[in-house]
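User: I would like to learn how to read the features of a model like this one. Please take them one at a time, with the general idea before the case.

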Amino acid sequence: MNEPLTGLYFKRLLLTGAAGGLGRILRPRLKAYCESLRLSDIADLGVAAPGEELQTVALEDKAAVKSLLDGVDAVVHFGGVSVEKSFETVLPANIVGTFHVYEAARLQGVKRIVFASSNHVTGFYKQSDTIDSSRSMRPDGYYGLSKAFGENLAQLYFDRYGIESVSLRIGSSLAAPLDRRMLATWLSHDDLERLVVASLSAPVVGHTVIYGMSNNRLTWWDNSCAKHVGFQPRDSSEMFRAAIEARQPRIDISEPAALYQGGVFVTQGPF
Ligand code: 15L
């Protein structure tokens, strides 16, 4: 665990999807920013560390999600399906579940949500395009479509109810990039923490969309519309380039996975 990044301190913070790939990374790190860290998932969360509250909650259970947000100052919503699946698989957790989170925030008076969206909201832009968050959504599958819904929901709940959100279009947040595509999309775990903390602590965000990427030399995304979030990534994929290019010397740009930003996600399905 790193030293905390800001003087930010909540009484109670909620992390959904705490047993998931990125939830497990954020769990020990977010504890530094709150007195109580409430953690939820449908999967096993293990044993509560000091200052942690564990709750097994399915996002599709509206009443349970309402109770989950009781007494919470802010939500870091990482729960749901995180890969391309059939519409029927993505619908309950990602679409219905995210609606339940926003509705619970309205009912419980929660004022800020950091929403784990995805780069797959714009996965059908080409790898030869540099885009910013003002461009139209071009989801590359049902998963990306569910995240597009979440972003629109965040906008609606800001416009109607003043609940602020930062939608994080996360690239590839892994310990290290795995292939040539991820040299552009990589978000280190330390930069993920920086991004979440900046999103929680920026004074005014309305509904802001920001791409979650490290300070990679080569990228397809421009975060200049989100400067007010104050996210300053410090890592770069460049140190992995030589090894990845040696391992994956050629790419066939006629392949959709190399042509589009979403990579292999654009080729999955129909289910
Ligand atoms: C995502 O949204 C996924 O959750 C993750 O598994 C990665 O595949 C990532 O996108 C990516 O685009 O690399």
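User: Is R241 buried or exposed?

Analyst: This is a predicted model, in which local features need pLDDT of at least 70, side-chain atom pairs count only at pLDDT 80 or more, and totals for chains, interfaces and linings use all residues. Residues are numbered from 1 along each chain as its sequence is written, and side-chain values use heavy atoms, with hydrogens and water left out. Buried means under 20% relative accessible area, exposed over 50%, and partly exposed in between (1.4 Å probe, protein chains only). R241 has a relative accessible area of 11%, so R241 is buried.

User: Which residue does R241 meet in a salt bridge?

Analyst: A salt bridge is a side-chain nitrogen of Lys or Arg within 4 Å of a carboxyl oxygen of Asp or Glu. R241 pairs with E245, at 2.9 Å from N to O. Helices (H or I, at least four residues) and strands (E, at least two) are DSSP runs, numbered from the N terminus. Because E245 and R241 are 4 residues apart in helix α7, about one helical turn separates them. E245 is partly exposed, with a relative accessible area of 29%. The pair belongs to a network of salt bridges that links R217, E238, R241 and E245.

User: How many salt bridges are there by this rule, and what does the one between E53 and R12 tie together?

Analyst: The count is 14. In the bridge between E53 and R12, the closest N and O atoms are 3.0 Å apart. E53 is in strand β3 (residues 52-56) and R12 in strand β1 (residues 10-16), so the bridge ties together parts 41 residues apart in sequence. The relative accessible area of E53 is 22%, which makes E53 partly exposed.

Another salt bridge joins the side chains of D235 and R194, at 3.8 Å from N to O. This pair links distant parts of the chain, with D235 in the loop between β9 (221-222) and α7 (241-247) and R194 in helix α6 (residues 189-201). D235 is partly exposed at 25% relative accessibility, whereas R194 is buried at 14%.

User: Which residues are around the ligand?

Analyst: A residue is near a molecule if one of its heavy atoms lies within 4 Å of it. Here the residues around the ligand are S82, S118, N119, H120, Y143, G171, S172, R181 and F265.

User: Which peptide bond is cis?

Analyst: Most peptide bonds are trans. In this model a cis peptide bond joins G269 and P270, with omega about -5°. P270 is in the segment after α8.

User: What is the relative accessible area of F271, and where is its place?

Analyst: F271 has a relative accessible area of 56% and is exposed. Its place is in the segment after α8 (256-259).
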